[in-house]
Amino acid sequence: MKLAPECRDCLLNKVRQQSQLVEKDRSRVEKIVSDCLEVYDCESEKTLAAAVVSGAVHRKNYAELGTEDLYREIKIRDNKTAEEVVKKVSPKLKTIHDWITASVIGNAIDYGVTGHDVAKNFTEFFDQMFEKGLALDDSDKFLKLTKNVVLFTDNCGEAVFDKYLCRALRENGSWVTVVVKDKPMLNDLTLVEAHEINFEDYCDNLYSGGGGMQLGTHPQFFSPEVKKAVEDSTLIIAKGLANYESLTEYNLNKPTAYLMMVKCHAVGRVVGTEKGNLIAVLK
């Protein structure tokens, strides 16, 4: 996915917001925003790939703040909350399609998009969105391709729903490889949090995507194990906006199901639906 006109302001507002989590000096915050703006302008002259430019800006932001994992405590909290929500809603989740929908709803646990807020009562939010269902739904097509699945994860909290989707896929005969982020980026799942929620018990392989701090997923950083898993796969499942932004810039030569909530109008224009809708589309 390419940068949209509104991406610049959205990203810089997010830099300001997350800088204020650490830095209380307003002039220092504005200096960080200014430095990140320079990175944005420089990188966007080289490429319009949204995930590449945004990733460079976030790496600069983290470096300026002197932190390696800005969202660590939030990630722990959200994984715990998500487990509690799953316990409450799981009786209504009977099919793989139900778990796909639940996994997409989980993508709402995201702090990387300006103007998107995470629901305070996520159980109530879940019930509302589950009733609403998927606005775009290609699951009838990609569920025929699930013999060998590679799932690229996105956020913590969301990942709890993902692991139960993986369990449902395996119970249906799928071989499931899960790939998480290599280093902390926003509230994305890394191997640290994956092991904390025992994700390895719900899949057949668990790897990191490589490349250090990256926004989204970038095949040039894959380890031999991840490359082999992708080559052998019958279906890629990519969770969340950053994976959509990044993987649509590459050709994996594999059918890819993008599961996410549409959190901004720019993405809505590209995928063909409104902000706030849930989608599971096959590309």
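# Why these labels?

Biologist: Why is Thr95 called partly exposed?

Modeller: Thr95 has a relative accessible area of 38%. Buried means under 20% relative accessible area, exposed over 50%, and partly exposed in between (1.4 Å probe, protein chains only). The value of 38% falls in between, so Thr95 is partly exposed. Thr95 sits in the loop between helix H4 (72–89) and H5. Its C-alpha atom is 18 Å from that of Trp175, a residue 80 positions away along the chain.

Biologist: What should I know about the model itself?

Modeller: This model is predicted: local features need pLDDT of at least 70, side-chain atom pairs count only at pLDDT 80 or more, and totals for chains, interfaces and linings use all residues. Residues are numbered from 1 along each chain as its sequence is written, and side-chain values use heavy atoms, with hydrogens and water left out.

Biologist: What makes helix H5 mostly covered?

Modeller: Ten of the eleven residues of H5 (residues 96–106) are buried. Among them are Trp99, Ile100, Val104 and Ile105. Asp98 is also one of the buried residues.

Biologist: Why do S2 and S3 count as paired?

Modeller: Two strands pair if DSSP finds at least two bridges between them. Five bridges join S2 (residues 148–152) to S3 (residues 175–180), so the pair qualifies. These two strands run parallel. Val149 stands opposite Val176 in S3.

Biologist: What makes S1 and S4 edge strands?

Modeller: The open sheet has seven strands in the order S1-S7-S6-S5-S2-S3-S4, with mixed pairing. S1 (136–137) and S4 (205–208) each pair on one side only.

Biologist: Why is the pair Tyr244 and Tyr258 called edge-to-face?

Modeller: Rings of Phe, Tyr and Trp (its six-membered ring) pair if their centres lie within 6.5 Å; planes under 30 degrees apart count as stacked, over 60 as edge-to-face and the rest as tilted. The whole structure holds nine aromatic pairs. In this one, the centres are 5.0 Å apart and the planes at 80°, so the pair is edge-to-face. Tyr244 lies in H11 (residues 241–247) and Tyr258 in S6 (residues 256–261), so the pair ties together parts 14 residues apart in sequence. Tyr244 is buried at 4% relative accessible area. Tyr258 is buried too, at 4%.

Biologist: Which residues form one aromatic cluster?

Modeller: Phe122, Phe125, Phe126, Phe130 and Phe161 do.

Biologist: How do you know that there are zero disulfides?

Modeller: A disulfide is a pair of cysteine sulfur atoms within 2.5 Å. The sulfur of Cys10 is 6.5 Å from the closest cysteine sulfur, in Cys264, so it is too far for a bond. For Cys36, the nearest cysteine sulfur is that of Cys42, 13 Å away. The total for the structure is zero. Cys10 is partly exposed at 25% relative accessible area, whereas Cys36 is buried at 0%.

Biologist: What makes the phi of Leu186 and Asn253 worth a look?

Modeller: Most residues other than glycine have a negative phi. Leu186 has a positive phi of about 50°. Asn253 has a positive phi near 55°. Leu186 is in the loop between S3 and H9 (191–196) and is buried at 6%. Asn253 is in the loop between H11 and S6 and is exposed at 64%.

Biologist: How many cavities of 30 Å³ or more are there, and what lines the largest cavity?

Modeller: The search finds one. A cavity is a set of points, on a 1 Å grid over the protein atoms alone, where a 1.4 Å probe fits but cannot get out; lining residues have an atom within 4 Å of a point. The largest cavity holds about 90 Å³, a volume being the space filled by probe spheres set on the points. Its lining has 13 residues, with Lys181, Gly209, Gly210, Gly216 and Thr217 nearest the centre. By class, four are nonpolar, seven polar and two charged. Gly counts as polar and Lys as charged.

How values were computed
Helices (H or I, at least four residues) and strands (E, at least two) are DSSP runs, numbered from the N terminus. On a 1 Å grid over the protein atoms alone, a cavity is a set of points where a 1.4 Å probe fits but cannot get out, and a pocket is an open set with protein on both sides within 12 Å along at least five of seven lines; lining residues have an atom within 4 Å of a point.
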